[in-house]
Amino acid sequence: MVISLLAVAVTVGIFLGLTVMLLAAEKRLVDYGICTLSINEGSVVFEQLGGITLLSTLYENKVFIPSACGGKGSCGYCKITLISGGGPILPTETPYMTRTEIKSGVRLACQVKLKENVEIRIPEELLEVKEYKSVVSLVRDLTYDIKELNFDLISPEEIKHRPGQYVQIMAPSPDGHVFRAYSISSPVYEKNKVQLMVRLVPGGIASTYLHGLKEGDEVIFTGPFGEFKLNEDPEANVVLVGGGAGMAPMANIIYTIYHQWPDRKCHLFFGCRTTKDIFYFENFETLSKKHPNFKFTYALSDPLSEDEKWDGDTGFIHLSLDKLLPVTHKRQAFLCGPPPMIEAVIEILKDKKYRDEEIFYDKF
Ligand SMILES: Cc1cc2nc3c(=O)[nH]c(=O)nc-3n(C[C@H](O)[C@H](O)[C@H](O)COP(=O)(O)OP(=O)(O)OC[C@H]3O[C@@H](n4cnc5c(N)ncnc54)[C@H](O)[C@@H]3O)c2cc1C
Ligand code: FES
């Protein structure tokens, strides 16, 4: 038994060693020369020394596409459509693709290398995404592990975004910089600042960097990104469901809505484990007094003995949603939080006959 385990370990070791050597050899020996990358039927064309990924090629030429995991191949956000060149789809890409996407040539830009001339298609709005230089103007604690960070824009001086969109922060790491996605919590009418709510992930590169920032520090980010599209029809009811730092896009959507449509119906459901995770409660009490069509429900999933004074909902937030969500015809739902919460909420919304196009979500 021990010998066969040893044999497996040795074989795996040799295989990994050979793979590393082959990759290193490819880097040193293979010269792909200058290749062209053509975007959207030649509306933008770059020339680039081959051998790096399409994601890096795009970034080097200031075309910014979503890449929430920073190119690790673990988020599936960096989708582009390959028209020609680029080789066959890789096993690292297929887990993120539907059959239709595979048939249509959708690929992950961080996995495809520029080894020949390549033509791709991306949504036109991504060509509008910019790189921003900003300065930290205010940092404050929202809870024991979530900080609110405010950035004043230096250049460009203004950002145009839709409620619920996110930016990608550039954070330093021992292997160069990395990008991570953070939803914008400031409303869309505040055009010369960006506010984020960041939860500290122990040992996490970007969240540790962001939690260590102080007023006056300069920060680079790209954006805006994201598929959230708020219905402009004020008759459409909005339901928001979030947990933890998932409050960020919710706050943006809520304050944007009540700035534009004071009587619009909107209900926020926010899941917390204990009262220590509660924040923005007083802000929403004030808002709901001014706008009676704004409702909000917080629920504690794991109340502690010291939470005995809590007289709100308890249990998982999708159960509060199931109990309180009214039947409406024009409606939209925006969800942000951990994957199990999103999945449970989608199930409830499907039971209540929400269609796919009425549900928007970001899992994090
Ligand atoms: C569209 C989108 C919007 C987002 N918006 C926000 C936001 O508004 N606020 C916010 O705080 N975060 C947000 N995130 C998550 C954020 O992008 C990072 O993934 C998170 O901050 C961790 O990055 P890191 O560099 O600190 O950790 P990493 O260095 O990437 O990871 C360190 C370790 O922690 C694990 N890990 C990574 N993420 C998590 C997690 N969320 N929980 C537990 N373990 C984790 C990793 O597997 C790894 O083992 C968003 C993500 C997406 C996709
Ligand atoms: S950047 Fe995350 S999968 Fe490509």
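Pro-156 is found in the loop between strand S7 (146–155) and strand S8. Helices (H or I, at least four residues) and strands (E, at least two) are DSSP runs, numbered from the N terminus. A cis peptide bond joins Ser-155 to Pro-156, with omega at about -15 degrees. The model is a predicted one, in which local features need pLDDT of at least 70 and side-chain atom pairs count only at pLDDT 80 or more, while totals for chains, interfaces and linings use all residues. Residues are numbered from 1 along each chain as its sequence is written, chains are lettered from A and ligands numbered from 1 in the order in which they are written, and side-chain values use heavy atoms, with hydrogens and water left out.

Buried means under 20% relative accessible area, exposed means over 50%, and partly exposed lies in between (1.4 Å probe, protein chains only). S8 forms a hairpin with S9, with two residues between them. The two strands run antiparallel and are joined by eight bridges; for pairing, DSSP has to find at least two bridges between two strands. Val-167 stands opposite Tyr-182 in S9, and Tyr-166 has Ser-183 as its bridge partner in S9.

S8 also pairs with strand S11 (residues 218–225), again antiparallel, through three bridges. Here the bridge partner of Tyr-166 is Phe-225. The peptide bond from Gly-223 to Pro-224 is cis, with omega near -5 degrees.

These pairings belong to a wider arrangement. Six strands form an open sheet in the order S9-S8-S11-S6-S7-S10, with antiparallel pairing. S9 and S10 stand at the edges and have a single partner strand each, so one side of each is left without a neighbour in the sheet. Neighbouring strands of this sheet are turned by 40 degrees against each other on average, direction ignored. For such angles, axes are lines fitted to C-alpha atoms, for helices over the stretch in contact, and angles run from 0 to 180 degrees between N-to-C directions.

Gly-216 has its place in the loop between H4 and S11. Is Gly-216 buried, partly exposed or exposed? It counts as partly exposed, because its relative accessibility is 49%. Gly-216 lies 79 residues from Ser-137 in sequence, but the two are 6.4 Å apart in space, C-alpha to C-alpha. Leaving aside neighbours within four places in sequence, Gly-216 is in contact (heavy atoms within 4.5 Å) with Val-135 and Val-136.

Another pair of strands is S12 and S13, which run parallel and are joined by six bridges. Val-239 stands opposite His-267 in S13. Six of the seven residues of S13 are buried, so this strand is largely enclosed by the rest of the structure.

Two loop residues have a backbone angle worth a look. Tyr-280, in the loop between S13 and helix H6 (281–290), has phi near 70 degrees, a positive value in a residue other than glycine. Lys-353, in the loop between H8 and S17, also has a positive phi, near 70 degrees, and is likewise a residue other than glycine. Tyr-280 is buried, with a relative accessible area of 10%, whereas Lys-353 counts as exposed at 63% relative accessibility.

The last topic is the empty space. Rolling a probe the size of a water molecule over the atoms shows where empty space is left. A pocket is found on a 1 Å grid over the protein atoms alone: a cavity is a set of points where a 1.4 Å probe fits but cannot get out, and a pocket is an open set with protein on both sides within 12 Å along at least five of seven lines. Lining residues have an atom within 4 Å of a point. Grid points are joined across faces, edges and corners, and a volume is the space filled by probe spheres set on the points.

The largest pocket has a volume of about 1,200 Å³. Its lining has 45 residues, and those nearest its centre are Arg-199, Ala-245, Gly-337, Pro-338 and Phe-364. Among the elements that give two or more residues to this lining are strand S10 (193–199), helix H4 (205–211) and helix H8 (339–351). S9 gives the most, with four residues.
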